[in-house]
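Let's take a walk through this model together. Have the sequence and the coordinates open as you read.

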Amino acid sequence: MGNNEIRKQIWKGVADDKEDHTHVCLISAQAIPNLLPLLVEKPARAIFLVSPEMREQAERLKKVVQPRGIRVETQKISAYDFDTTAALCEELLKNGAGLTLNVTGGTKIAALAAFQAFFFNDRRIIYCDTEHDRLIQLAPERCSEPIRSNLIKVRDCLACYGIPQVTGGEPPREAEQRKAHLGALADLLIRNEDLLGKLNGAFPRQEEKKTFANIPLNKLGKDAEKLANVLTQCGVAALTGSANLNIPSGEKVFFCRGGWLEEYVYWTVRNLNLKGLNASINVRVQWDGKGRRPTLNEFDVLFTHANRLHLI
């Protein structure tokens, strides 16, 4: 069966007027199986069936979906009440022509209740197979279609799971200039553990916010001159006379004390040239849980590929 024929069948049962096309989604802790079909099919509206336990998760997903022009409504359900969930779905079916049930989420009881209502009303039911990156239509006819594009962005994925991005994501402006020399720097420091240890030791932990540094070369030991040469090529340091390595700013100090490895990994990922790759670096996040003080974290390198989030 060709792609065009599959697509015709995938859309069978959806109203011709795309303004009527609506996804009915069972909200659960896993957001991607609901988000991905919404990004693939771009319905005009989404109805979230939400149990009390999933209210926060529904709000997170809503904040990601609505900016994409999809109107979101919520309906309360009990996750373990078959009859009331089935009755609610029957009521929705009476008032909507272009309803598609995404049966991927929710508890088994809620999913079975919704499936029964849609199936016996000869309405469209889909399932998102995230393991194999495909969208499966279960009814009225059975067919499937691969999801060929990486539609999930790092920022959206984080927001869906309650850790919205606060800052970061892009490499610093100077990173483009020094990326050509990162391979040589990584090779030098990874092969020479003693040099790496001495470089790291030149920045005491209690001085993490240091805005400059002067490091005597004799403190770095063997290959100190090679290191000084590569750091100079990277534009982050300069020799003062022949005895000291001067690092003139906080951003460059950060690079020398470990930021180089984050940039090296980031550009290595970018250079894979994976289709649709979305990569971020030094992403600062703030967890949206309730508490006296916000919980802050930073992720060094993240990327999405084939609609999966990867953290390094």
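Which residues have the most contacts inside the largest nonpolar core? They are Leu185, Phe203, Leu220, Leu227, Leu231, Ile247 and Phe255, in a core of 35 residues. A word on the ground rules before going on. This is a predicted model, in which local features need pLDDT of at least 70 and side-chain atom pairs count only at pLDDT 80 or more, while totals for chains, interfaces and linings use all residues. Residues are numbered from 1 along each chain as its sequence is written, and side-chain values use heavy atoms, with hydrogens and water left out.

A nonpolar core here is a set of buried Ala, Val, Leu, Ile, Met, Phe, Trp, Tyr and Cys residues joined through side-chain atoms within 4.5 Å. Buried means under 20% relative accessible area, exposed means over 50%, and partly exposed lies in between (1.4 Å probe, protein chains only). Helices (H or I, at least four residues) and strands (E, at least two) are DSSP runs, numbered from the N terminus. Helix α11 provides the largest share, seven residues. Apart from this core lies another, of 25 residues, among them Leu61, Val72, Ile126 and Ile152. As background, nonpolar side chains tend to be buried together in soluble globular proteins.

Contact means heavy atoms within 4.5 Å. Leaving aside neighbours within four places in sequence, isoleucine 247 touches Phe203, Phe212, Ala213, Ile215, Val236, Ala237, Lys252, Val253 and Cys256.

From here, turn to the sheet. Three strands make up an open sheet, ordered β9-β11-β10, with antiparallel pairing; two strands pair if DSSP finds at least two bridges between them. Because β9 (213-216) and β10 (238-240) are at the edges with a single partner strand each, one side of each has no neighbour in the sheet. On average, neighbouring strands are turned by 35° against each other, direction ignored; the axes are lines fitted to C-alpha atoms, for helices over the stretch in contact, and angles run from 0 to 180 degrees between N-to-C directions. Four bridges join β9 to β11 (residues 244-247) in the antiparallel sense, and isoleucine 215 stands opposite leucine 245 of β11.

Now move to helix α2 (residues 32-41). Nine of its 10 residues are buried, so the helix is largely enclosed by the rest of the structure. The buried ones are Ile32, Pro33, Asn34, Leu35, Leu36, Pro37, Leu38, Leu39 and Glu41. Lysine 42 follows α2, with a positive phi near 50°.

What about the charged side chains? A salt bridge is a side-chain nitrogen of Lys or Arg within 4 Å of a carboxyl oxygen of Asp or Glu, and the whole structure holds 13 of them. One of these pairs aspartate 288 with arginine 60, with the closest N and O atoms 2.8 Å apart. This pair links distant parts of the chain, 228 residues apart: aspartate 288 sits in the loop between β12 (278-286) and β13 (296-305), and arginine 60 in helix α3 (residues 55-65). Aspartate 288 is partly exposed at 33% relative accessible area, whereas arginine 60 is buried at 17%.

Arginine 191 and aspartate 187 have their closest N and O atoms 2.6 Å apart; both lie in helix α8 (residues 182-191), four residues apart, about one turn. Arginine 191 is exposed at 69%, and aspartate 187 is partly exposed at 40%. In the salt bridge between lysine 198 and aspartate 194, the closest N and O atoms are 3.3 Å apart. Lysine 198 and aspartate 194 are four residues apart in helix α9 (residues 193-201), so about one helical turn separates them. Salt bridges that share partners also join Glu56, Arg60 and Asp288 into one network.

Finally, the cysteines. With a disulfide taken as a pair of cysteine sulfur atoms within 2.5 Å, the count comes to zero. The sulfur of cysteine 128 is 11 Å from the closest cysteine sulfur, in cysteine 25, which is too far for a bond. Cysteine 128 is buried at 3% relative accessibility. Cysteine 234 is in no disulfide either, with the nearest cysteine sulfur, that of cysteine 256, 8.2 Å away; cysteine 234 is buried at 1%.
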